[in-house]
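Have your viewer open and your selection tool ready.

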Amino acid sequence: MTESVAVRVLDVLVVGAGFTGLYMLKKARELGFKSAVVEAGDDVGGAWYWNRYPGLRCDSPSHIYCYSFDPELTRDWNWSERYPERNEIYAYLRHVSERYDLRKDIQFSHSVTSCTFDENRNVWSVKTDRGFTYEAQFIVAGTGCLTASQMPAIEGIDRFRGRSFHTSRWPEGGVDFTAKRVAVIGTGATAVQCIPLIALQAKQLTVFQRTPTYCIPARNGHVEPEVVADRKNRAHEIREKIKHSFFGFEHEFQEKPIFEATTEEREAVFQQMWDQGGFAYWLGNYSEMYFDEDANRIVSEFLHKQIRAIVHDSETAEKLVPKYAFGTKRSPLETNYYDVFNKANVRLIDATADGPIEHVTESGIVAAGEEHQFDIIVYATGFDAMTGALRKMNIVGRDGAQLNEQWSDGPHTYLGLMVADFPNLFTVTGPQSPSAFSNVPVSIEQHVEMISGILVHLRDRGLALVEPTHDAQSNWGVHLKELVDQTIIAKTDSWYVGSNVPGKPRTFMIYLGPEGVGGYRRTCDEIVADDYRGFKMSA
């Protein structure tokens with residue numbers, strides 16, 4: 001979309017052209033709302049546009065990491081592997097934008113710098129870094145859970161004279177690591193994917209680890225044609241199952257309680273899931289592991305044994321064995337990650353065993369009093385998850401309420417969808433919804449469809465404004481805390497609780513209610529059926 005006007009007036013403005021933005025634009029246009037998308041990148045894709053580091057692929061199976069709103073789209077698109085890699089997902093989203101003629105209503109290369117509610121006219125005024133202003137009755141933030149990159153607070157980062165970059169801002173032309181001395185800082189999901197491929201080229205690769213990560217084999221590969229055909233024939237059945245599942249996947253917890261199973265039975269279950277690969281070991285294990293530390297210890301110890309069996313050097317293996325409870329952080333899927341530490345050109349420096357990074361110099365990194373020389377430094381240090389992208393929009397609501405101030409002690413929402421004092425502002429897969437603890441496209445579709453229903457409800461009744469009540473928002477927060485406090489999940493430092501960002505308030509930011517994604521969907525349906533309980537609507 002190219003337009004020279006200083007102000008563009010809309011019914012619905014969507015921020016972000018990823019999975020959320022494309023579907024929301026399509027729905028809003030079909031419902032007769034004048035709509036547009038503003039996107040910081042030069043193309044559609046959202047996180048799949050910005051992230052392009054080597055090894056990047058999705059950790060949800062391809063046949064469920066996609067839209068379900070159009071059976072013909074499902075039938076016509078063919079994924080090549082069990083877990084789609086970045087370029088294929090990017091191509092898929094480009095295909096969707098062209099198939100439904102969405103690109104004409106997307107303004108690329110514009111970042112939102114402010115978003116202010118005008119109470120006199122009941123519209124949002126949204127400004128971009130390119131001097132554009134949008135006025136819209138409704139704002140839909142499709143900014144994503146993991147899009148605001150987080151650089152570490154290490155002294156001297158700007159001194160380094162070699163090449164350095166965060167994995168979420170990878171150079172478009174790629175990076176040649178041949179014969180280079182490379183440092184990778186971080187061992188989360190991103191690092192787990194890129195480290196094995198960097199090691200194939202680098203002269204020397206040094207991995208700086210703060211916290212070891214539980215990794216599960218991906219077992220990626222091409223999917224047999226008959227399996228593809230069967231999945232397409234059963235697409236509706238599969239989609240209904242994952243919509244009402246706990247995590248938005250096809251996995252289900254073990255039926256037999258862990259302490260009723262014998263040691264031999266448990267080991268057989270663990271081995272089967274390990275051999276199967278994917279998220280089975282995380283999302284299809286014994287549910288008690290999320291609530292009982294003894295149960296979790298049994299589940300975790302199997303993984304400890306696998307790591308020790310793969311990594312030849314016992315000292316390195318022990319550095320790679322996590323000390324936290326399995327499942328309380330997102331568990332990356334790995335391909336040759338543990339094996340890479342058997343290579344002669346790969347070294348692991350652990351903050352606990354060897355000493356933390358002290359500072360960056362012009363030529364390398366100083367850790368534990370020793371300077372290591374590098375040509376390239378890769379920061380695989382993650383994101384200011386859940387809230388970071390929303391906070392960057394500088395959102396100001398009713399009576400001058402600033403979202404950043406209201407969230408100074410952590411996010412407060414109703415259903416993770418709306419915030420009191422911020423009328424007509426929707427946050428798709430926002431904090432306090434299933435969001436990142438789910439197969440995200442499933443949660444995105446549910447939110448977009450609920451928002452669409454609200455827009456039509458308001459229009460049909462001649463109403464202009466919707467927002468949650470303070471009581472509903474407060475009760476939702478209390479409810480979520482009660483739920484997570486029953487588990488051991490929030491005890492672990494992770495981006496789920498914001499502990500990876502210095503100064504960020506520690507609070508668990510994801511819905512973990514009974515039956516997960518399916519239970520949340522049912523709760524939302526009940527709220528809608530009860531005349532949108534917890535929302536206040538007015539003219």
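**Before you click.** This is a predicted model, in which local features need pLDDT of at least 70 and side-chain atom pairs count only at pLDDT 80 or more, while totals for chains, interfaces and linings use all residues. Residues are numbered from 1 along each chain as its sequence is written, and side-chain values use heavy atoms, with hydrogens and water left out.

**Stop 1: the cores.** Select Tyr-67, Tyr-92, Leu-205, Trp-282, Leu-415 and Phe-426, the residues that touch the most other members of the 133-residue largest nonpolar core. Such a core is a set of buried Ala, Val, Leu, Ile, Met, Phe, Trp, Tyr and Cys residues joined through side-chain atoms within 4.5 Å; buried means under 20% relative accessible area with a 1.4 Å probe, protein chains only. Helices here are DSSP runs (H or I, at least four residues), numbered from the N terminus. For a separate, second core of 26 residues, pick out Val-126, Tyr-134, Met-393 and Phe-422, which are among its members.

**Stop 2: Leu-415.** Centre on Leu-415 and show its contacts (heavy atoms within 4.5 Å). Leaving aside residues up to four places away in sequence, Leu-415 touches Gln-432, Ser-433, His-447, Met-450, Trp-476, Tyr-520, Cys-524, Ile-527 and Phe-535.

**Stop 3: Arg-239.** Go to helix H7 (residues 235-243), where Arg-239 lies. Why does Arg-239 count as buried? Its relative accessibility is 8%. Beyond residues up to four places away in sequence, Arg-239 touches His-63, Ile-64, Cys-66, Tyr-67, Ser-68, Val-442 and Glu-445.

**Stop 4: the largest cavity.** A cavity is a set of points, on a 1 Å grid over the protein atoms alone, where a 1.4 Å probe fits but cannot get out; lining residues have an atom within 4 Å of a point. The whole structure has five cavities of 30 Å³ or more, and the largest holds about 60 Å³ of space. Select its lining: Thr-429, Ser-433, Pro-434, Ser-435, Val-442, Ser-443, Gln-446, His-447, Val-517, Tyr-520 and Arg-521. H15 gives the most to this lining, with four residues.

**Stop 5: the second largest cavity.** About 50 Å³ of space lies here. Its lining is Ala-141, Thr-143, Gly-144, Cys-145, Met-386, Leu-390, Thr-427, Val-428, Thr-429 and Gly-430.

Key: Buried < 20%, exposed > 50% of the residue type's maximum accessible area, 1.4 Å probe, protein only. Helix = DSSP H or I, 4+ residues; strand = E, 2+ residues; numbered from the N terminus. 1 Å grid on protein atoms, 1.4 Å probe; cavity = no way out; pocket = protein on both sides within 12 Å on 5 of 7 lines; lining within 4 Å. Points joined across faces, edges and corners; volume = space filled by probe spheres on them.
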